[in-house]
Amino acid sequence: MLASARGVVHYHFSGIAGAGMNPLAQLMRARGHQVQGSDRSLDQGKNQEVATRLRRLGIDLRPHDGTAVAEGIDRFVYSTAVEADTPEMRAARALGIDLVPRPALLAEVVNAGQPGVAIAGTSGKSTVTGMLAWLLRQSGLPSTVLGGAALVREGTSGCFAAGPANGPVVVEACESDGTLIGYEPTIGLIHNISRDHAELMSLRAQFTAFARNCQRLFVNAGCPEAAALGRRLHAVSYGVAPDADAALEVLDVGPARARGMLKLRAGAVTLDLPQPGLHNLENAAAAAMIAVELGIDPDEVTGLLSLFPGVTRRFEIVGTTASGIRVVDDYAHNAEKLRAAVTTAQAGAERVIAIFQPHGFGPARFLRPELKTLLPTLLRPEDRFCYAEIFYAGGTVAKDISSRLLANDLPAETRCGYVANHEAARQWALDEARPGDTVLVMGARDPDLPRLARSILDSLARA
């Protein structure tokens with residue numbers, strides 16, 4: 001049962017500053033519930049923009065040390081990205097409070113949507129959700145949207161809109177913790193399936209269960225895994241495949257804009273995006289299909305997508321110096337995302353100066369063999385690549401791998417660098433970049449990465 005049907009509920013969000021957590025906290029508050037939360041990053045003085053927004057909504061922020069969890073809390077919502085034995089988790093268990101994983105609460109929201117739309121896939125779902133948020137808002141269709149990344153120039157937190165409880169709900173549905181199977185949406189979309197967070201065999205089982213739970217299913221025909229699943233379940237397909245139900249014709253992928261044509265039964269949608277890259281055309285095709293399904297006219301979709309501001313940290317151009325050095329900030333953190341970001345950067349520059357910070361010790365171990373194979377084939381002889389040290393968010397984890405080991409995995413001809421911190425990364429970029437280059441900063445979870453990209457731009461501008 002959705003929480004709103006139970007009267008006023010007292011929520012505690014453990015890890016409330018997270019990109020997936022704080023939109024949910026905002027939605028519960030907007031629906032009249034009592035909301036409080038805590039986060040290690042807020043205790044460290046980080047994510048203050050998020051903190052300010054939450055406080056303005058009447059959400060009480062507490063220290064992340066266990067003292068905030070007390071009698072009177074009905075539901076304890078936690079991020080599955082955080083270890084299971086925090087002081088807060090122990091306190092919640094001791095008090096017998098209802099423990100709710102963040103994705104389970106998100107599933108409650110989407111399953112109650114009229115209609116509920118779940119955007120799934122191992123890559124691109126934040127951008128697809130952001131595009132849908134833009135189309136729904138600009139077209140005036142009242143909807144609830146919960147995504148993991150904000151639109152450019154609209155802050156640094158998650159994509160959020162609180163629509164009527166009896167209206168459409170669009171959510172970004174993540175597979176990272178195995179909870180994709182809890183969604184039962186009216187409309188489900190599988191944008192792609194590739195090795196990320198888990199091996200393909202495990203992901204196939206999870207996406208199959210999700211697909212079977214969807215009343216209507218859309219799949220990307222350009223992704224072999226998604227297309228095969230779609231054929232078995234008679235889904236509607238879209239993308240760059242000749243047999244797609246909605247074929248995507250690619251006209252241009254950059255370096256400044258991407259253009260294509262999506263052929264729907266309701267009419268053709270011209271895609272003329274301010275963001276480059278084939279992956280962004282595929283993202284736009286997915287968003288356009290769902291938008292038309294929700295009742296937005298194809299011509300209106302065309303016009304609105306041509307003005308799409310982009311999603312933060314998804315090939316976000318931080319700026320360009322007088323000498324033509326472009327600095328780009330990107331959330332890429334797995335093999336396919338790195339491939340998309342680097343190839344898009346390569347399309348607009350003769351040299352790419354790339355910095356990648358793995359987003360945790362576990363992910364670094366998981367990605368190590370793929371990165372060892374991918375990077376030597378992806379990078380051109382003139383490109384430069386540097387590993388920044390692995391991001392540590394706190395907690396009890398095994399620190400048994402380093403980015404120095406990842407750098408040593410690569411052959412000498414790649415000239416892979418290693419830096420221990422952001423200051424060293426800034427200096428490395430300053431030493432390597434030349435006029436006309438693109439400097440590409442990549443990595444997830446670390447809230448200071450956008451600041452690193454900005455500091456690199458400022459340093460290069462002064463050089």
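Select Ala424 first, in helix 14, which covers residues 422-432. This is a predicted model. Ala424 counts as partly exposed, because its relative accessibility is 27%, between the 20% limit for buried and the 50% limit for exposed. Ala388 and Ala424 are 36 residues apart in sequence, and their C-alpha atoms are 8.6 Å apart in space.

**A buried alanine**

Go to Ala226, in helix 8, residues 224-232. Is Ala226 buried or exposed? Its relative accessible area is 0%, so Ala226 is buried. Ile190 and Ala226 are 36 residues apart along the chain, with 6.4 Å between their C-alpha atoms. Which residues does Ala226 touch, leaving out those up to four places away in sequence? Show Ile190, Asn192, Ile193, Val219 and Asn220.

Select Ser38 in strand 2, residues 34-38. Ser38 has a relative accessible area of 0%, so it is buried. Next, display the residues around Ser38. Leaving out residues up to four places away in sequence, Ser38 touches His12, Phe13, Ser14, Gly15, Ile16, Arg62, Pro63, His64 and Glu88.

Step back to His33. This residue sits in the loop between helix 1 (21-30) and strand 2. His33 counts as buried because its relative accessibility is 2%. What does the side chain of His33 reach? Look at Gly7: its backbone oxygen is 3.4 Å from the His33 side chain.

**Helix 6 and its two partners**

Color helix 6 (residues 125-139) and helix 10 (residues 298-305). Their axes come within 10 Å and cross at roughly 115°. Helix 6 is therefore roughly perpendicular to helix 10. The crossing is right-handed. Now show side chains at the contact. Helix 6 supplies Met131, Trp134, Leu135, Gln138 and Ser139, while helix 10 supplies Glu300, Val301, Leu304 and Leu305. By class, the contact of helix 6 with helix 10 has 6 nonpolar, 2 polar and 1 charged residues.

From helix 6, select Thr127, Val128, Met131, Leu132 and Leu135. From helix 9, select Asn280, Asn283, Ala284, Ala286, Ala287, Ile290 and Ala291. The residues in the contact of helix 6 with helix 9 divide into 9 nonpolar, 3 polar and no charged. Look again at Met131 and Leu135 of helix 6. Both are in the contact with helix 10, and both also meet helix 9.

**Backbone stops**

Most residues other than glycine have a negative phi, and most peptide bonds are trans. The next stops depart from that pattern.

Select Gln114 and Pro115. The peptide bond from Gln114 to Pro115 is cis, with omega near 0°. Pro115 is in the loop between helix 5 (102-111) and strand 6 (116-120).

Then select Gly254 and Pro255. Here too the peptide bond is cis, with omega near 15°. Where is Pro255? Find it in the loop between strand 13 (246-252) and strand 14 (258-264).

Move to Arg153. Its phi is near 70°, a positive value in a residue other than glycine. Arg153 is in the loop between strand 7 (144-146) and strand 8 (160-161). With a relative accessibility of 70%, Arg153 counts as exposed.

Finish at Phe315. Its phi is near 45°, again a positive value in a residue other than glycine. Phe315 lies in the loop between helix 10 and strand 16 (316-320). Is Phe315 buried or exposed? The relative accessible area of Phe315 is 5%, so this residue is buried.

Terms used. Residues numbered from 1 in each chain as written. Predicted model: local features only at pLDDT ≥ 70, side-chain atom pairs only at ≥ 80, totals over all residues. Heavy atoms only, no water. Helix = DSSP H or I, 4+ residues; strand = E, 2+ residues; numbered from the N terminus. Buried < 20%, exposed > 50% of the residue type's maximum accessible area, 1.4 Å probe, protein only. Contact = heavy atoms within 4.5 Å. Axes fitted to C-alpha atoms, helices over the stretch in contact; angles between N-to-C directions. Parallel < 35°, antiparallel > 145°, perpendicular 65-115°, else oblique. Left-handed = near helix turned anticlockwise from the far one by under 90°. Nonpolar A, V, L, I, M, F, W, Y, C, P; charged D, E, K, R; others polar. Polar contact = N/O pair within 3.5 Å; in protein donor to acceptor, adjacent residues only side chain to side chain.
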